[in-house]
Amino acid sequence: MLQSVYEKWGIVIPVPGTEGIKGIWIKGDAPGKTLVVTAGVHGCEYVGIQAVRELTTEIKASELSGSVLFIPLINESGFYEGARQIVPEDGENLNRCFPGDEKGSITWKMAKALEEYLYKKADFLIDLHGGDVNESMTPLVFFPAGAGAKIEQKTREAVKRLSIEYCIQSRAENGLYSYAAKCNIPSLLIERGGGGKWTAAQVEACKQNVCEIMDFLNIKKYEKNHKSSVEISHTSYEEAAEKGFWYCMKGAGEAVKRNELLGRLTDDSGEIIKEYRAEFDGVALYLTHALGVRKGDPLIAYGKI
């Protein structure tokens, strides 16, 4: 379904049982590649959502060689209800539901609809995320290691154009961007912000990253200087052994040393369930700053430098 809005097109991706997922497709006056930019897979990760909202009003079709398809807010109900990481209707994490299932619950149907609509149109895909309301994060980008030599080479080349602190090799396969990579679409997941907050500076940095990829694809020229990222090939992801009280000793972006105490998990009587220590020197990439955690919740991720 397309509706003309001056030189832009409002689109709706049909999802059975819902009003669909809204987007804006800006088609350039000159031919070229199509970049797909998604945000709001998790409704409380605000930087990417606001960045896309602003870009859809700032970018003009006359400036483009090719097109950009923006999906500003995939998980609308999660956004308005303040639901952490899940789609409220069924409690599922959309970024764990790819490939989708048209016979499944609403989140699985959303995943299926996004695959069918977006993947066939994309020459490149960026999925914008951030730390959730309970998380702190340093700016970073995940790229799909193991998706095949061609996809890995293309995404590595794109990452070199990004102004972002860290580039993380990822072998995930069940998210929007990672499954796209598995389907031979060069894709990246960019993370900025967290803690249920956003700032104008974070939004500007996120917009710059999108513009840098547009420049990489020759869709729109962008000439600002950029800062190269540090690639991290080995990341340790610590999870809660049991439900309990989490006392994190590090901040996002801080250096960690081998054997350093990263945090401890206690029960409600104060007894230590487990202490988490660094296995190597590196940097804290993101962490849970919430006091209460469930069994299996992520606690801290740190990368080897």
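**Exercise 1.** Is Trp 246 buried or exposed?

*Solution.* Keep in mind that we're working with a predicted model. Start with the number: Trp 246 has a relative accessible area of 3%. Now the cut-off: buried means under 20%. So Trp 246 is buried.

**Exercise 2.** Work out how the rings of Trp 246 and Tyr 276 are arranged, and where the two residues sit.

*Solution.* Here's the general idea: we describe a pair of aromatic rings by the distance of the centres and the angle of the planes. For Trp 246 and Tyr 276, the centres are 5.7 Å apart and the planes are at 85°. Planes over 60 degrees apart count as edge-to-face, so that's what this pair is. Next, find them in the chain: Trp 246 belongs to strand β13 (residues 244-248) and Tyr 276 to strand β16 (residues 272-277). As for Tyr 276, its relative accessibility of 1% makes it buried.

**Exercise 3.** Figure out how enclosed helix α3 is.

*Solution.* First, get the helix in view: α3 covers residues 106-119 and has 14 residues. Then check burial: ten of the 14 are buried, so α3 is largely enclosed by the rest of the structure. Among the buried ones are Ile 106, Met 110, Leu 114 and Tyr 117. Finally, look at Tyr 117 again: Lys 121 lies over the face of its ring, 3.8 Å from the ring centre.

How values were computed:
Residues numbered from 1 in each chain as written. Predicted model: local features only at pLDDT ≥ 70, side-chain atom pairs only at ≥ 80, totals over all residues. Heavy atoms only, no water. Helix = DSSP H or I, 4+ residues; strand = E, 2+ residues; numbered from the N terminus. Expected span 1.5 Å × (residues − 1). Buried < 20%, exposed > 50% of the residue type's maximum accessible area, 1.4 Å probe, protein only. Phe/Tyr/Trp six-rings, centres within 6.5 Å; stacked < 30°, edge-to-face > 60°. Lys NZ or Arg CZ within 6 Å of the ring centre and 35° of its normal.
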